[in-house]
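Try each task before reading its solution.

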Amino acid sequence: MKKIWFAIALVLAGCGEKRPPAPTAEQNDQLNEAENMLNEEAGK
């Protein structure tokens with residue numbers, strides 16, 4: 001019975017999301033600026 005609980009605990013521990021944190025407003029502005037520059041270069 002202990003092995004079943006151990007297996008359940010392992011499965012639940014592996015279910016957590018591993019996403020990076022969302023960018024801050026300043027980082028978002030920098031990303032948008034970089035994207036705009038790349039789009040301008042691609043349009044030439």
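**Exercise 1.** How many helices and how many strands are there in the chain?

*Solution.* This is a predicted model, where local features need pLDDT of at least 70, side-chain atom pairs count only at pLDDT 80 or more, and totals for chains, interfaces and linings use all residues. Residues are numbered from 1 along each chain as its sequence is written, and side-chain values use heavy atoms, leaving out hydrogens and water. Helices (H or I, at least four residues) and strands (E, at least two) are DSSP runs, numbered from the N terminus. The chain has two helices and zero strands.

**Exercise 2.** Check the span of H1.

*Solution.* Take 1.5 Å times one less than the number of residues. For the twelve residues of H1 this gives 16 Å. The end C-alpha atoms of H1 are 16 Å apart, so the values agree.

**Exercise 3.** Repeat the check for helix H2 (residues 25–43).

*Solution.* The 19 residues of H2 should span 27 Å. Its end C-alpha atoms are 27 Å apart, which agrees.

**Exercise 4.** What number of the 19 residues of H2 is buried?

*Solution.* Buried means under 20% relative accessible area, with a 1.4 Å probe and protein chains only. The number for H2 is zero, so H2 lies largely in the open. For H1 the number buried is also zero, so H1 lies largely in the open. Over the 44 residues of the chain, buried residues make up 0%.

Technical notes:
Buried means under 20% relative accessible area, exposed over 50%, partly exposed in between (1.4 Å probe, protein chains only).
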